[in-house]
Amino acid sequence: MTTPVETQVGTKPLIEVKNLEKRFPISRGMFRQATEFVHAVDGISFDIAPGESLGLVGESGCGKSTTGRMLVKLMNPTGGHILFLEDGEQKDVAHVGGSEIKAFRRRIQMIFQDPYESMNPRRTIFDTVSEPLSVQGVGTVVEREERVLELLQLVGLTPPENFLFRFPHELSGGQRQRVAIARALVMNPTFVVADEPTSMLDVSIRISIMELMTTLAREMGVSYLYITHDLAVARYMCDRIAVMYLGKIVEIGPTEEILANPKHPYTRALLSAVPVPDPSYKRTPVEIKGGISKAINPTPECRFIQRCPFAAEVCFENPHPPLEDRQGDNHFAACYRVDEIG
Amino acid sequence: MSVDDQTQVTEPLDKELEDLTHGAAAVTQVPMWRIRWRLFRRSFARNWALFTENKMGLAGLTIIGIFALMAIAHPILMTFVWDPAIYDPVGGYDAVESIVTIVEEVTDPATELSLEDARIQLNPFVEVGEEIVTVLQPAPPSFSGDYSHWLGTDPQGRDVLSQLLFSTRAAFLLGAIAAITTVVIATTVGSVAAYYGGITDSIFMRFADLILLMPLLPVLFVVGPLFGLTMLNLGLIIGVLNGFGGVAIVLKSQALAVKVKPYIDAAKVAGGGNGHVIFRHIVPNVLPLSFLYMMFGVTEAIAIESTLSFFGLLNVRMTWGLMINTAQTQGFLLSGVNYWWLLFPAGLAVSILAFAFFIVGRGMDEVINPRLRARG
Amino acid sequence: MTVSLENLETRQVDPTKPLLEVDRLIMRYQVKTGEVSAVEDVTFTIHQGEAVGLVGESGCGKTSVALSLLRLLPSNARFLSGEIRLNGEDLIPLGAEEMRRRRWKDIAMVFQGAMNSWNPVYRVGEQIRETLNTHYKGVLDYGEQNALMERLFAGVGLPPEMLERYPHEFSGGMRQRAVIAMALACSPELIIADEPTTALDVIVQDQILKELKRIQQEMGMSILYISHDIAVIAEVTDSLGVMYAGKLVEYGPTDEVFARPFHPYAYLLLKSTPSITGPRRQLSPLEGEPPNLEKPPTGCRFHPRCPFATEQCVTQEPPLVEVRPGRRVACWNYEDVPELEEALLK
C-alpha cells in the first residue's frame with residue numbers, strides 16, 4: 001500500500017499513521033465470541049508534517065472521530081502504527097501504556113466539540129485550564145496561575161484575571177471554546193486534534209475561533225488534525241484534506257487541489273451536495289444512491305461500490321482500491337476508475 | 001448546533017471577588033484556599049436562595065432545627081434544672097403515692113379501690129377496709145407541685161419529656177451514621193462500577209440486586225437478638241446495606257451519565273489517571289444526588305430504629321421506639337386517649353422528624369434537579 | 001423513487017397573492033426579572049407557492065416567530081401588537097379552538113429536531129394516523145387513511161412498508177422525511193421548516209432539501225425556512241429575511257440580498273461565512289456577542305458590534321424601510337455598507 005509520503009525530502013513527519021485500524025466487536029451475549037465486527041477505522045495511513053494542518057473530512061459514521069480519539073489515546077487501536085516524532089526519533093505510540101502515556105500527553109492534546117459539556121461545570125476556569133499542569137505535577141500553584149493567566153490572555157479572554165475563577169456557565173459558547181483552546185495549549189503541545197471545534201458555535205463566532213486557532217498554531221508551532229464534516233470550514237483551516245468513507249481514506253491531497261479537482265466519486269458527490277452561500281451558483285448534481293451504513297464485516301471490494309454511480313467490473317473483481325497518486329502532484333485517490341471519470 | 005444557547009455576557013463580579021481581580025499580580029497573591037472558600041460561599045448562597053424559594057424545604061429545616069435544640073436541651077436540663085434521681089430517662093423514678101381504701105363498691109375512685117381490682121393489681125390477700133398505698137403509674141402530665149412532669153410519667157415512673165429529649169440525640173446519631181455510611185459507600189461503589197464497567201460493574205450490581213432482594217427488617221429481626229444491636233452498629237448495618245444496595249444502583253446510573261460527558265475525556269487527555277477522573281470529576285458530580293439520598297436515608301433509619309426498638313430488639317438505653325415498646329409491654333398500647341402521653345409524643349417525634357428530613361430532601365431535589373423548578 | 005403526489009391537493013398558485021402576512025408583530029416572554037423582547041416589530045410576507053427564509057443566529061427570534069404563527073408558544077408569551085394574516089384573516093384574535101382547527105390544516109410545521117420526536121414505542125404509521133385522526137375524524141375511514149399515508153410516504157420518497165416499522169429502524173434522513181410526510185398529511189398551504197436539516201449529513205441534507213423544493217413546486221406549497229445556515233437558505237429560498245436580536249433587519253429576494261446586502265449584520269455574516277466555491281476569500285469575524293434580550297441595547301440593537309455605527313444608531317432605532325423595490329432594510333447607514341464582492345476579494 002503506497003503511503004502518502006513526506007512533504008519535504010529528508011524531513012520526517014510529525015505524525016505518521018500506518019494502517020491504523022479499529023474494530024468493534026458486536027457482542028452476542030456474555031459468553032459467546034463476537035463474530036461480527038464493525039470496522040470503524042479500516043486500515044488508514046496518512047502523515048502530518050510539523051506545523052501542518054490536515055483536515056479529516058467525512059460524514060457521520062466514517063470513522064473520523066474514532067481516528068482522532070485513537071491519536072490522543074482515548075482509545076487503543078486494534079491494529080496499525082502511530083509513529084510520533086519526538087527528539088528526532090519516531091516512536092510507535094499505538095500501544096503504549098501506563099506512565100508513558102502521561103509523558104505522551106504533554107505533546108498531544110485535543111479540543112472538543114461541545115463547548116459546554118467539555119468542561120466540568122463544578123470547576124473553575126482556572127481548574128480546567130490548569131488541569132494538565134496539576135495532573136502532570138508541573139509547577140507550583142502560583143506558577144500555574146501565572147501560566148493560565150498567560151494563556152487566557154493569548155486566547156483573547158481579557159482581562160484574564162476576570163475569567164480565572166469563573167465557572168463555565170458564566171461564559172458564552174465562544175468564550176468557552178477559547179478556554180478549551182487554552183487548555184489544549186497550556187502544556188505547549190506539538191500536535192492537537194481538533195474535533196469539530198466550531199460546529200456548535202454561532203456562525204458569526206466561528207471565524208474568530210478559527211482564526212485564533214490558526215494564529216496560535218503558527219505562533220506556537222503546533223500541527224493540527226482538524227476533524228470536521230463541514231468542507232467549507234476545512235477549506236479555511238487545513239493545508240491538506242483527507243476524505244474518509246466507512247473507515248477508509250478515499251482521497252487525500254492539498255485542499256485547494258481537492259476542491260478544484262475531486263477525483264474520487266464520493267468526494268465529488270460530497271462536494272456537489274454542500275450548500276453554497278451564493279444563490280447564483282449552480283451545482284453540478286452528482287446522483288448517489290442510498291445512505292451511509294456501518295461497515296460490519298465488510299467484503300473485500302471497494303467500500304463505495306453500493307452507492308457509486310461509476311461502479312464497473314474492475315471494481316467488483318478487485319479488493320478495495322489503494323490510495324494512488326497518478327499524477328504525482330501529491331493528490332491521492334482510492335479508485336480504479338479515476339482516469340476514466342471526467 | 002446548540003441553537004437554544006442563550007449566549008451570555010459575563011455577569012458583573014460580586015464584591016467579594018473584586019479585590020481578587022485588580023490585576024494579575026493581585027490574583028496570584030491571594031492564597032488558593034481563600035479563593036476556594038469565597039467561591040464556595042458564593043455558590044452556597046446561590047443554592048440557598050434556590051432552596052428557600054420553596055417553603056417546604058425551609059419548613060423541614062426549621063423542624064430539624066427545633067429537634068436539634070431539643071437534643072441540646074436535654075443535657076443542659078439534666079445538669080442545671082432537673083434532679084437526676086427523678087428525671088433520668090432510664091433510671092429516674094417518680095410516682096405519686098396515694099392512700100386508698102379497699103371497698104366492696106367504689107363510690108369515689110380517687111380514694112377508693114374495689115376489692116376485685118385490689119386483688120388483681122396488688123395482692124390477692126387484701127381485705128375490705130384495708131388502707132393501701134398505691135402508686136399512680138403511669139402518671140398523666142402535671143405542671144405543678146414538687147414533681148412536675150410536663151408529659152407525665154411512663155409505666156415505670158420515668159419522666160416522659162426527659163425520655164423524649166434524650167432520645168432525640170440518639171435519633172440524630174443514628175441518622176447521621178446510617179446516612180453518611182450509605183453515601184460514602186454508595187458514591188464510591190457507584191462511581192467505580194460506572195467507570196470501570198465490565199466485571200467490576202457486574203459484581204457490584206449483582207451484589208446490589210442481592211441486597212435488594214433481602215428484606216431489611218426481617219434480617220434485622222434475626223441479627224438483632226443474635227448479635228446484639230446498639231445504635232452504632234445498627235447505623236453501620238443500615239448504612240452498609242443501603243450503601244451497597246439500592247442507592248448504589250441509583251448513584252451508579254448518575255455516574256454513568258457523568259462518565260460519558262466530554263469533560264471526562266478531556267481530563268483523561270490532560271493526563272488524568274483513573275483515580276483523578278473518578279474522585280475529581282465523577283464523584284463531585286454525583287455528590288449532589290448522594291446528599292439527596294442521604295436525607296432520605298435518615299428518614300429510613302429513624303423509621304427502622306423505631307420499629308426495631310418497638311419489638312425490643314435493640315440494645316439501647318432510651319429511644320422513641322423503646323418508649324412505645326415500654327407502653328406496649330406494660331399493656332397500655334390500646335388504651336388510646338386515656339394514656340395518650342405514653343404513645344403520642346414518641347410516635348409524633350418519629351414521624352415528624354422523619355418527615356422533616358424527607359421534605360428537606362425534596363427541597364434539595366429542586367435545587368439539584370433544575371428541571372423541577374417552577375418557570376419564571 | 002420520487003412519485004408525484006396525486007389526489008393530494010395540487011393547487012393553482014398565484015405568486016402575486018400573499019398567503020401569510022406578518023405585520024409589525026411584537027411578542028415578548030414574561031420572566032421573573034422582566035420581559036424578554038423576542039420578536040420586535042417583524043414584518044414580512046409569504047406569497048402563494050413561495051419559499052421564504054428567516055436567517056439568524058441563536059436567540060435572534062426566528063423560532064419564536066415560527067411558533068407565533070402556529071401559536072405554539074409557552075404560557076409566558078404575550079402578543080403585544082401586530083397581526084398575523086392568513087389569507088387576509090388575522091390569526092391572533094382567534095380563540096384556541098379555532099386556532100387549533102387551522103393548525104396543521106392550513107399551516108404545518110417541521111420542528112427543529114423533529115426527527116427525534118418520534119415516540120419509540122409506536123410504529124411510525126400509527127403516529128401519523130394519530131395526526132389524521134385528530135384532524136380527519138369521521139371524514140376518512142381506516143382504509144382511506146392507509147391510502148393517504150401510503151401516498152404521503154411515496155411523496156417524500158419512502159417505501160410504504162416503512163409505515164409498519166418503528167422509528168429506530170429509520171435512519172436520520174428517513175425520519176426527517178417521515179416528519180415531512182406527517183406535516184403534509186392535511187395538505188397545508190404553508191409548511192414551516194425549522195432547521196430541517198441541521199443534524200443531518202451533507203448528502204442527506206441535499207436530498208431532503210431537494211425533496212422539499214420538489215414538494216413546493218409540485219404541490220404549490222409555500223415554505224418558510226428557518227435556519228442559521230445561510231448557505232442552505234441561499235439554495236432553497238426565493239426571498240429571505242435576516243433577523244438579529246428579535247428584529248428583522250433586512251428583507252428581500254434571495255439573490256439580490258446575497259449579491260448586495262444592505263444591512264451591516266447581513267454584510268458581516270456573509271463576509272464571515274466560508275464557502276467551498278469561488279476564490280479563497282478573506283473572511284472577517286464579527287466582534288462581540290448577541291445581546292441579552294431582556295435589556296437590549298438602546299437605539300439599533302446591532303450598534304455595539306457594528307463597524308458602521310454612528311451617534312444616531314445609539315439613540316434611535318432604525319425602522320424597516322423599503323430602499324429599493326422589494327428590498328427592505330432597518331439601518332441608518334446602509335449606504336455606507338460596501339459592495340460585498342470587492343470586500344471579499346481584498
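In chain C, strand E4 (residues 77-86) and E5(C) run antiparallel and are joined by 2 bridges; helices (H or I, at least four residues) and strands (E, at least two) are DSSP runs, numbered from the N terminus. The bridge partner of C:Leu86 in E5(C) is C:Glu89. This is a predicted model, in which local features need pLDDT of at least 70, side-chain atom pairs count only at pLDDT 80 or more, and totals for chains, interfaces and linings use all residues. Residues are numbered from 1 along each chain as its sequence is written, while chains are lettered from A and ligands numbered from 1 in the order in which they are written.

**Sheet of chain C**

- The order E2-E1-E4-E5 describes an open sheet of 4 strands in chain C, with antiparallel pairing; two strands pair if DSSP finds at least two bridges between them.
- Strand E2 (34-47) and strand E5 (89-90) of chain C are the edge strands, each pairing on one side only.
- Helix H1 (residues 62-70) of chain C packs on the sheet and touches strand E1 (18-31), E2 and E4 of chain C. Two residues are in contact if their C-beta atoms, placed from the backbone, lie within 7 Å.
- The direction of H1 makes about 70° with that of E2(C); axes are lines fitted to C-alpha atoms, for helices over the stretch in contact, and angles run from 0 to 180 degrees between N-to-C directions.

**Backbone features**

- Most residues other than glycine have a negative phi, and most peptide bonds are trans.
- C:Arg24, in strand E1 of chain C, has a positive phi near 50°.
- C:Arg24 counts as exposed because it has 12 C-beta neighbours inside 10 Å; the class is buried at 20 or more other C-beta atoms within 10 Å, exposed at 12 or fewer, and partly exposed in between, with C-beta atoms placed from the backbone.
- C:Arg71, in the loop between H1 and E4 of chain C, also has a positive phi near 50°.
- With 18 other C-beta atoms within 10 Å, C:Arg71 is partly exposed.
- A cis peptide bond with omega of about -10° joins A:Thr158 and A:Pro159, and A:Pro159 is placed in the loop between H4 and H5 of chain A.

**Chain interfaces**

- Between chains C and A, 31 residues of chain C are in contact with 33 residues of chain A.
- On the side of chain C that touches chain A, H7(C) provides the largest share, 5 residues.
- The contact between chains A and B takes 36 residues from chain A and 33 residues from chain B.
- H4(A) gives the most to the side of chain A that touches chain B, with 5 residues.
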